[in-house]
Amino acid sequence: MIRTLEPIISKQPFFHGLEERHIAFVAGCAKNVRFDEGQIIFREGESADEFYLIREGLVSIEATVPHKGSVTVHTVSAGEMLGWSWLFPPHHWRFQARTQKATRALAFDGKCLRTKCEKDHDLGYELLKRFSHVLTERLESTRVQLLDIYGTSH
Amino acid sequence: MVQAIEPQVAPKDASTPILPRPLRIRRLIEETGDAFTLEIEPANGAGRYPFQPGQFNMLYVFGVGEVPMYISGDPVGQKTLQHTARVTGAVTKAMRLLKAGDSIGVRGPFGNRWPISESAGHDIVLVAGGIGLAALRPALYQLLANRDKYGRIVLIYGARTPEDILYWNELESWREKYDLETCVTVDRASVDWRGNVGIVTALIARAPFDPSNAAALVCGPEVMMRFTVMELQKRGVTPDRTYLSMERNMKCAVGFCGHCQYGPHFICKDGPIFRFDRIESIFGKAEI
């Protein structure tokens, strides 16, 4: 199982440049998963035990807004990472994730990875750098969305 | 490398560049909740309004005021002069109330053009934000009319909401009829929307084009273009193959009044299309 996933994991943009021994570590916490169209991957408030790298498909990240129901705040597609609540206490999902199309992904066991990162700080630092990069991109994206640039001048 | 684009294409009737010609509205098409397209009879019996993709006209609503507006129609097989606008102020508000048979003052066409013929043999990436798609639509018409001269053609388009997407039916038909890749995203949506949500620049990283052989044509709000240029450069599209359509407060449209001065350039006369390496040192600066 691990041998099968290592080449797949090493090809993911998120893990580019990670040392082979670290890929092997990460692969030990990974599994392949599939979701049907319209399936809920995780729900707001539930325990956040995993994160995902999308290999194929499209996933909506949704927030529940009183009197409006669910609103899509972002979408994630092939090559992108989904979920960081597993990394920070209290490890509960802040948003809901639902597939828009049939989706294939790699799922990583958050508790397994946290344990390995505590033992190997080099791996922990490498992973945190990658998550920080994604967090920065999502923050920038959210800031631009908040500017409502298409609603004002142009 | 894509060659430099030509300077301003002079209006056909250059003797009267500041005198509006009264033309008749053929019809007004409601595009979205706040955007509309004006179809204007080219001239009395002329049947054509020659222009190049990327050029703009000054449109004068009599008794209200004059605004610059990109020509949004087909430069190849056009039967009417088309302009697509969002209601943003008094002039566009009054413009939206015009009916078939009403008159509107037209000066132009002004400005330079997108480097369409110079980009033959390249992949073409068009990145549009909001109403900026109107300025790129004539380029798309011209590209698709000569589809075999280009590599991949990719349209990356961001709108506010699904309801604000311009020319939706046309985009769908182009996608089916031609080899056109369209990547659309919106800033926010209900869960009924089956598509991307997020800023338009997020689509650049995974759009299907060869960055080493691509020309990028970009039009949208300046903030969006700033992030777009960064993403294009990350993909490997160089500044000399990146073209932006800039917008400033254009008044005379012929380089006399100076309202649209942008560093050493006048947007109306030297632009509105600029190769990025030529404005890189002043682009994105609050004060020049």
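Guide: Before we start, two strands pair if DSSP finds at least two bridges between them. Helices (H or I, at least four residues) and strands (E, at least two) are DSSP runs, numbered from the N terminus. This is a predicted model, where local features need pLDDT of at least 70 and side-chain atom pairs count only at pLDDT 80 or more, while totals for chains, interfaces and linings use all residues. Residues are numbered from 1 along each chain as its sequence is written, and chains are lettered from A and ligands numbered from 1 in the order in which they are written.

Visitor: Which strands stand at the edges of the open sheet in chain B?

Guide: Seven strands of chain B make up this mixed sheet, in the order β11-β9-β8-β7-β12-β13-β16. Two of them have a single partner strand each, so one side of each lacks a neighbour in the sheet: β11 (196-197) and β16 (273-275).

Visitor: Inside that sheet, what stands opposite Ala159(B) in β9(B)?

Guide: Strands β8 (residues 153-159) and β9 (residues 180-186) of chain B pair in the parallel sense over seven bridges. Across from Ala159(B) you'll find Val186(B).

Visitor: Now the two chains: which element gives the most to the side of chain B that touches chain A?

Guide: Residues are in contact if their C-beta atoms, placed from the backbone, lie within 7 Å. The contact takes 26 residues from chain B and 19 residues from chain A. On chain B's side, β10 (189-190), β11 and α4 (222-235) each supply at least two residues. The top contributor, with three residues, is α4(B).

Visitor: And which residue in β10(B) is the bridge partner of Val71(A)?

Guide: Strand β5 (residues 69-77) of chain A pairs with β10(B) in the antiparallel sense, over two bridges. There, Val71(A) is partnered by Ser190(B).

Technical notes
Contact = placed C-beta atoms within 7 Å.
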